[in-house]
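I opened this notebook to record what I looked up, entry by entry, in a structure that was new to me.

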Amino acid sequence: MVRTSQSIRVLGPSDVQEALALVATDPVTNVFAEYRTRITQLDTRWLGGEMWGFLENDRLVSMCHVGANLVPVNATPAASQAFAERALRSGPRSSTIVGPHEAVAQLWAGLEEHWPKPRDFRWDQPHMVATSPAPLRGDPLVRRTTKQESDLLYPACVAMYTEEVGISPEIDGGKDLYRARVNQLIGRGWSFSRIEDGRVLFKAEVACATPSACQIQGVYVHPDLRRQGLATAGMATVVDICLREIAPAVSLYVNAHNLPARAAYARAGFEQVGTFATLMF
């Protein structure tokens with residue numbers, strides 16, 4: 001019988017190349033982990049947390065991003081169990097657990113008797129991807145948000161976040177941090193919007209990007225203008241710009257019960273390739 005040596009440890013700068021090889025096995029699903037690996041080089045000072053590695057016979061087979069988000073990466077059942085055991089020892093430190101449904105479920109199975117109960121379980125979130133230009137004409141008035149429009153965009157970002165997550169990003173002194181994040185995305189050219197007469201009609205952002213993929217977040221249409229096709233046309237424009245200028249694949253995940261959003265994304269060229277899950281604390 002062949003025995004397998006298993007271990008778990010915090011990854012660091014010397015592990016970057018092996019980590020990038022691991023996420024490259026599924027670069028669209030792993031876009032967040034690859035982005036964080038690239039921009040921080042796995043230095044805990046820049047991660048704002050840790051990246052755990054699960055090794056079998058000294059070979060990296062799974063990872064787990066541990067910070068504001070707990071994100072399993074290519075997590076095998078054995079890795080999920082090991083990550084849960086380590087998380088139990090270190091204690092709750094993340095506001096969300098998010099990733100592929102099966103990995104999140106396995107991770108939570110090892111944590112649920114000891115961690116606080118999540119305030120929201122989102123077990124069915126279609127993971128959708130577009131790799132070709134949208135099959136319909138985009139909104140020509142959707143463009144990159146400018147720095148001068150930051151003050152106009154910010155309230156829409158807060159409204160979207162509050163509606164989607166269930167709490168305001170400004171609570172517990174989070175206003176300055178959230179505003180900085182909004183400004184950061186504008187500065188990177190990752191914020192897209194249609195703004196008329198001082199009102200945000202549509203917006204969306206790229207949350208993270210790698211040479212292989214980017215991930216969209218924060219899709220929002222002004223409440224008075226919903227179900228009029230703004231999301232479909234707006235996302236068609238965002239997809240086209242992203243494919244042309246940012247990455248060869250554009251991804252997002254959405255709650256299964258949000259049928260209007262799923263329909264809009266499908267019309268803009270997105271197809272479901274998997275299922276994510278998110279637990280919110």
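**Entry 1: the opening pair of helices.** Helix α1 covers residues 16–23, and its axis packs against that of α2 at an angle of about 160°, with the axes 10 Å apart. The axes are lines fitted to C-alpha atoms, for helices over the stretch in contact, and the angles run from 0 to 180 degrees between N-to-C directions. Helices (H or I, at least four residues) and strands (E, at least two) are DSSP runs, numbered from the N terminus.

Before going on, I wrote down that this is a predicted model, in which local features need pLDDT of at least 70 and side-chain atom pairs count only at pLDDT 80 or more, while totals for chains, interfaces and linings use all residues. Residues are numbered from 1 along each chain as its sequence is written, and side-chain values use heavy atoms, with hydrogens and water left out.

I found that α1 passes α2 in a left-handed crossing (left-handed if the near helix is turned anticlockwise from the far one by less than a right angle, right-handed if clockwise). Val 16, Ala 19, Leu 20 and Val 23 of α1 meet Ala 33, Glu 34, Thr 37 and Arg 38 of α2. I sorted the residues of this contact into five nonpolar, one polar and two charged, where Ala, Val, Leu, Ile, Met, Phe, Trp, Tyr, Cys and Pro count as nonpolar, Asp, Glu, Lys and Arg as charged, and the others, Gly among them, as polar.

**Entry 2: two further helix pairs.** Helix α4 (residues 77–90) and helix α5 (residues 101–109) have axes 8 Å apart and pack at an angle of about 45°, which makes α4 oblique to α5. Their crossing is right-handed. From α4, the contact uses Pro 77, Ser 80, Phe 83 and Ala 84, and from α5 it uses Ala 103, Gln 106 and Leu 107. By class, I listed five nonpolar, two polar and no charged residues for α4 with α5.

For helix α6 (residues 150–165) and helix α7 (residues 175–188), I read that the axes come within 10 Å and cross at roughly 115°. The crossing of α6 and α7 is right-handed as well. Among the residues making the contact are Leu 153 and Tyr 154 of α6 and Tyr 178 and Val 182 of α7. The classes for α6 with α7 are nine nonpolar, two polar and three charged residues.

**Entry 3: the cores.** Which residues have the most contacts inside the largest nonpolar core? I found Ile 216, Met 235 and Phe 270, in a core of 39 residues. A nonpolar core is a set of buried Ala, Val, Leu, Ile, Met, Phe, Trp, Tyr and Cys residues joined through side-chain atoms within 4.5 Å, and buried means under 20% relative accessible area, exposed over 50%, partly exposed in between (1.4 Å probe, protein chains only). The elements that each supply at least two residues of this core include α2 (31–40), β6 (120–130) and α8 (230–245). The largest share, eight residues, comes from α8. Apart from this core lies another of 21 residues, among them Phe 54, Val 66, Ala 84 and Trp 115.

Entry 4: Ala 130 lies in strand β6 and counts as buried, at 0% relative accessibility. Leaving aside neighbours within four places in sequence, Ala 130 is in contact (heavy atoms within 4.5 Å) with Val 239, Leu 243, Ala 249, Val 250, Gly 269 and Phe 270. His 127 also lies in strand β6 and counts as buried, at 2% relative accessibility. His 127 and Ser 251 are 124 residues apart in sequence, yet 7.2 Å apart in space, C-alpha to C-alpha.

Entry 5: Most residues other than glycine have a negative phi. Leu 42, not a glycine, has a positive phi of about 60°, and is buried, with a relative accessible area of 1%. Asn 57 has a positive phi of about 50° and is partly exposed, with a relative accessible area of 48%.

Definitions and conventions. Parallel < 35°, antiparallel > 145°, perpendicular 65-115°, else oblique.
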